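Hello,

Here is the structure we talked about handing over. My notes follow below it.

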Amino acid sequence: MSATMAAGHLPIETLLAWWLHETDAAETDAVDEHLLRCDACGETLDALVGLADGVRAAFKAGLVGAIASGDFIARLASRGHRVREYRLPCNGGVDCTVAPDDELLVSRLQAPLAGVERLDAVLEFSFAPGVRHRIEDVPFDVGAGEVIYLPKIAEVKRAPTHTHVVTLVAVAGGAERELGTYTFRHRPWPVA
Amino acid sequence: MEALDASAAEAPEALVARRIAAAAPGAARDAEAELYRLLAPRARRYGMRHLRNGDAAADLMQHVMALTIEQLRSGALREPERVASFVLGACRMTVIEQRRLERRRGDLLERYADDLPIADIHVAPRLDHRRVADCLDRLPERERSVLVMTFYDDAPADAIAGEMGLSAGNVRVIRHRGLDKLRRCVDGGAGVTS
């Protein structure tokens, strides 16, 4: 067990803020100083950085699905990631696939989001008819007018021919309102 | 100069530094190895945060430890019990004046490279990213998205906030909740590999 000289330990939020460059100069100096004397906090930081590495690795391996921003997608593309993108208008559909060397699959679902308080997404797959998976409280940017959905590309690459329907639902005060339905007609690579 | 508090003076690195300083130059090999084991990981963390590059952080760590041991051996570090402060100062100077110190670092490593006691240092084990993915899957969508966007390129809360139409405070709250759940989930499984 490492020894520590520090009277107290830094909260993990402080370590994370320091790591992400959110701290001002005085706070940064104070954390620098603390970490030079406190191995317990250093080990907490190591674990935090290890977790961040794990999140990054899982995402890069295509094992994590997420809703993301357009800027985030642009950053990935600018770094040379191979991005396959489908943009669907409200109530639209698309024939889609994913190539073996694609690294990111992006679905842009255009929707009238003005005034929406909470957004849910309901997913249904043709290989499991009648089974609906609901994702509650999906993040969205009203200004962008679209929801950017990144499925787990590793799973999509293994998927057989199927149809995948996404329905966006606005929820407010116990009432629900369908904003749009989006149909993905997937075929495995190579598409004949 | 500020007085050193008693606990700092009795810290393991202070005791080891005194042994090095009291010995003939290069004679306290075990103490030098112990000092390296204690302080090198701390210097590496500083380098990771301020240089954002594993190789650069490793270089900084090597340089600072070589400098520290040189100073202790030669007696130039007059208060060896202040060795942690010395290391922090050396880290800061190295980062700020990296270019100027480039040649000096080369000289030091050339002089001490064969002589420098390199002990194994603790490095956090790498997590099994499949385990992390399983745990991310269990998070609410909003928390998962914020964590992915945060950790993919170590983005601060205000950057995420601007991209997602949230306030920075909101992002921090979501991030905190998600991180807490993720840590507990990952720690709950045997998800580490060496």
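**The five-stranded sheet of chain A**

Chain A has an open sheet of 5 strands, in the order E3-E9-E8-E5-E6, with mixed pairing. Please keep in mind that this is a predicted model. Strand E3 (93-96) and strand E6 (132-135) of chain A are the edges, each pairing on one side only. From one strand to the next, the twist averages 25°.

Strand E8 (residues 162-172) of chain A pairs with two neighbours that I looked at in detail. With strand E9 (residues 175-186) of chain A, E8(A) runs antiparallel, joined by 11 bridges. With strand E5 (residues 118-125) of chain A, E8(A) is also antiparallel, and 8 bridges join the two.

- Ala121(A) has Leu168(A) in E8(A) as its bridge partner.
- Leu123(A) is opposite Val166(A) in E8(A).
- Leu168(A) also stands opposite Gly180(A) in E9(A).

Follow it to Ala121(A) on one strand, then to Gly180(A) on another.

The hairpin of E8(A) and E9(A) has 2 residues between the strands. Which residue there takes a positive phi? It is Gly173(A), with a value near 55°.

**The four-stranded sheet of chain A**

Chain A has another open sheet, this one of 4 strands in the order E1-E7-E4-E2. The pairing is mixed here too. E1 and strand E2 (83-88) of chain A are its edge strands, each pairing on one side only. Neighbouring strands are turned by 25° against each other on average, direction ignored.

Helix H4 (residues 70-78) of chain A packs on this sheet. H4(A) touches E1, E2, E4 and E7 of chain A. The direction of H4(A) makes about 150° with that of E2(A).

Now for strand E7 (residues 146-150) of chain A. Is E7(A) enclosed or open? Of its 5 residues, 4 are buried, so E7(A) is largely enclosed by the rest of the structure.

E7(A) has these partners:

- Strand E1 (residues 66-68) of chain A pairs with E7(A) in the antiparallel sense over 3 bridges. Within that pairing, Ile67(A) has Tyr149(A) as its bridge partner.
- Strand E4 (residues 104-110) of chain A is joined to E7(A) by 4 bridges, and the two run antiparallel. Arg108(A) has Ile148(A) as its bridge partner.

**Chain A as a whole**

Chain A holds 5 helices and 9 strands. Along the sequence they follow the pattern α-α-α-β-α-β-β-β-β-β-β-α-β-β. Is the chain spread out or compact? The radius of gyration is 21 Å, well over the 16 Å that the globule rule gives for 192 residues, so chain A is more spread out than a compact globule. The C-alpha trace spans about 65 × 45 × 30 Å along its principal axes.

The chain is divided into domain 1 (12-60) and domain 2 (84-186). Their C-alpha centres lie 35 Å apart.

Two more values for the chain. Of its 192 residues, 31% count as buried. Among contacts with a separation of 6 or more, 64% are between residues 24 or more positions apart.

**Where chain B touches chain A**

How many residues of chain B are in contact with chain A? The count is 43, and they meet 45 residues of chain A. Several elements of chain B give two or more residues to this side, including helix H1 (6-9), helix H3 (29-51), helix H5 (83-96), strand E1 (126-127) and helix H7 (129-137). Helix H8 (141-152), helix H9 (157-164) and helix H10 (168-188) of chain B are also among them. H8(B) gives the largest share, 9 residues. By class, the side of chain B that touches chain A has 26 nonpolar, 5 polar and 12 charged residues.

**One residue in chain B**

Arg172(B) sits in helix H10 of chain B. Is Arg172(B) buried or exposed? It has 21 other C-beta atoms within 10 Å. The cut-off for buried is 20 or more, so Arg172(B) counts as buried. Between Arg172(B) and Gly162(B) there are 10 residues in sequence and 13 Å in space, C-alpha to C-alpha.

Best wishes

Key:
Residues are numbered from 1 along each chain as its sequence is written. Chains are lettered from A and ligands numbered from 1 in the order in which they are written. This is a predicted model: local features need pLDDT of at least 70, side-chain atom pairs count only at pLDDT 80 or more; totals for chains, interfaces and linings use all residues. Two residues are in contact if their C-beta atoms, placed from the backbone, lie within 7 Å. Ala, Val, Leu, Ile, Met, Phe, Trp, Tyr, Cys and Pro count as nonpolar, Asp, Glu, Lys and Arg as charged, and the others, Gly among them, as polar. Domain bounds come from an automatic or database domain assignment. A residue is buried if 20 or more other C-beta atoms lie within 10 Å of its own, exposed if 12 or fewer, and partly exposed in between; C-beta atoms are placed from the backbone. Two strands pair if DSSP finds at least two bridges between them. The radius of gyration is taken over C-alpha atoms; the globule rule is 2.2 Å times the number of residues to the power 0.38. Axes are lines fitted to C-alpha atoms, for helices over the stretch in contact, and angles run from 0 to 180 degrees between N-to-C directions.
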